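Please look through the model below before reading on. The numbered points that follow can be checked against it one by one.

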Amino acid sequence: MRDLDVLVLGGGAAGLMCAIEAAKRGRKVLVIDHARRPAEKIRISGGGRCNFTNLHCTSANFLSQNPRFCVSALKRYTQHDFLGLVERHRIPWHEKTLGQLFCDESAKDIIRMLLTELEAAGGTLQLETDIKAVEKPDERFSVATSKGPLRSHSLVVATGGPSIPKMGATGFGYELAKQFGLKVIPPRAALVPLTFSDANKELCGRLAGVSLDAAVSFGKTTFREGLLFTHRGLSGPSILQISSFWEEGRPIWVNLLPETDVFETLRGARQDSPKQDLKTALGQWLPNRLADELSSAFSLKGRLADQSDKVLRRASEQLNRWQLTPVGTEGYRTAEVTLGGLDTKELSSKTFECVSVSGLFFIGEVVDVTGHLGGFNFQWAWSSGHAAGQFV
Ligand code: FDA
């Protein structure tokens with residue numbers, strides 16, 4: 001039986017950050033993970049370069065049933081604090097776009113940095129360890145694992161969400177929450193491509209690989225970023241962002257030409273080049289394959305001179321406000337994060353300790369706080385891990 005001050009379940013971004021901070025305070029810390037390698041999601045993130053934070057991070061970049069919950073932790077450990085750590089480890093980085101910071105070389109630099117910090121602080125990481133059972137018979141937790149029993153004063157749940165199961169992701173944290181009588185906001189896949197059926201699916205399939213800058217809206221929320229057609233539907237940053245807001249059965253609106261008032265522009269073109277084909281005119285602003293397909297899908301054909309204002313208005317409506325109803329998402333198989341999770345009402349926003357179970361902490365993605373695309377989810381892992389690390 002090993003006796004610990006702090007046992008962290010999950011050696012990902014949040015768990016490692018929490019363990020580093022706790023070990024720096026002189027706590028006897030062990031991190032266990034069932035995977036063969038730590039922080040696999042960091043390794044594959046950002047196309048292998050890890051979008052590790054965002055310069056413009058504020059609480060407005062997060063979704064939660066309680067949007068204020070994340071404020072305190074984000075303020076106590078900011079994007080600038082994490083960037084300071086990256087710079088102290090001389091990891092070269094760059095801003096790609098919209099404040100998104102990436103490693104110049106490899107996401108593995110971030111993993112190495114975290115492991116170096118953990119070792120320097122005196123914390124230990126134990127991989128390939130399955131968690132068999134968790135109990136709290138007295139003031140300490142007892143955890144049965146495939147590598148023997150553990151006892152600890154504080155237990156930190158940092159097992160993330162179930163997105164990308166083949167990377168070792170599980171819903172373990174939710175089960176543990178339920179075991180202790182804690183409420184879980186129903187989880188669902190987020191930052192995930194949207195899928196379509198019938199004619200829209202076929203249209204997307206024919207356009208697979210075409211990408212463009214677009215503004216995608218659901219209700220009052222709009223994201224203007226890249227959009228990509230895929231064999232199953234739509235992807236790209238603007239779609240991933242809106243997927244976190246989209247509600248089943250309801251449409252999204254896609255503005256394929258966010259800089260252009262299509263009606264006014266086509267009216268001008270009709271005056272200046274009346275003999276031009278409507279399809280050719282659209283091809284000036286849209287990728288050719290897209291102009292071709294949409295002209296047939298929306299029956300936009302013939303010379304500009306022959307088009308009434310009504311037809312031009314219809315073209316504008318379809319290109320500036322294309323209404324599409326997804327049938328679903330690609331699900332956890334490809335989702336970058338999971339919406340929902342441990343209800344924040346169960347936690348102190350200062351310490352991340354459960355209000356009703358002393359010594360039990362939840363941090364990172366397992367909690368009902370989900371960031372937009374762009375480095376915000378890692379910042380949440382760093383900030384929540386850092387906050388809990390001061391109190392475990
Ligand atoms: P995380 O998932 O990182 O860690 C959980 C750990 O717990 C894992 O090591 C896992 O093996 C372990 N575990 C799970 N169940 C267990 C069990 N039952 N027993 C033992 N161990 C268990 N975010 C961002 O800000 N910028 C980016 O560039 C990207 N890119 C990106 C790409 C892809 C493909 C994905 C899937 C995700 C991203 N993200 C991202 C999101 C980001 O990876 C995610 O929000 C954080 O990794 C969450 O950190 P956590 O530490 O909470 O969980």
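Which residues do ring pairs link into a cluster? The answer is in point 3.

1. Source of the model. This is a predicted model, in which local features need pLDDT of at least 70 and side-chain atom pairs count only at pLDDT 80 or more, while totals for chains, interfaces and linings use all residues. Residues are numbered from 1 along each chain as its sequence is written, and side-chain values use heavy atoms, with hydrogens and water left out.

2. Overall picture. The protein has 13 helices and 21 strands; helices (H or I, at least four residues) and strands (E, at least two) are DSSP runs, numbered from the N terminus. The C-alpha trace spans about 85 × 45 × 35 Å along its principal axes. Of the 392 residues, 56% are buried, where buried means under 20% relative accessible area, exposed over 50% and partly exposed in between (1.4 Å probe, protein chains only). Taking contacts between residues at least 6 apart in sequence, 71% join residues at least 24 apart; contact means heavy atoms within 4.5 Å.

3. The ring cluster. Phe-62, Phe-69, Phe-352, Phe-376 and Trp-380 are linked into a cluster by ring pairs. Rings of Phe, Tyr and Trp (its six-membered ring) pair if their centres lie within 6.5 Å; planes under 30 degrees apart count as stacked, over 60 as edge-to-face and the rest as tilted. The count by this rule is 11 aromatic pairs. In one of them, the ring centres of Phe-62 and Phe-376 are 6.3 Å apart and the planes stand at 85 degrees, so this pair is edge-to-face. Phe-62 lies in strand S4 (residues 62–63) and Phe-376 in helix H13 (residues 376–389), so that the pair links parts of the chain 314 residues apart. Phe-62 is buried at 7% relative accessible area, and Phe-376 is buried at 6%.

4. A tilted pair. The rings of Phe-223 and Phe-245 have centres 5.7 Å apart and planes at 50 degrees, so they count as tilted. Phe-223 is in strand S14 (residues 221–229), and Phe-245 is in the loop between helix H8 (237–243) and S16, 22 residues apart. Both Phe-223 and Phe-245 are buried.

5. The open sheet. Seven strands form an open sheet in the order S17-S16-S13-S14-S15-S12-S18, with antiparallel pairing; two strands pair if DSSP finds at least two bridges between them. Strands S17 (322–324) and S18 (328–329) are at the edges with a single partner strand each, so one side of each has no neighbour in the sheet. Helix H12 (residues 309–320) packs on the sheet and touches S16 and S17, its direction making about 110 degrees with that of S16. Axes are lines fitted to C-alpha atoms, for helices over the stretch in contact, and angles run from 0 to 180 degrees between N-to-C directions. Strand S13 (residues 211–218) pairs with strand S16 (residues 252–255) over 3 bridges, and Ala-215 has Asn-255 in S16 as its bridge partner.

6. Ser-154. This residue is in strand S10 (residues 148–157). Is Ser-154 buried or exposed? Ser-154 is buried, with a relative accessible area of 6%. Not counting residues up to four places away in sequence, Ser-154 touches residues including Asp-5, Arg-27, Phe-141 and Val-392.
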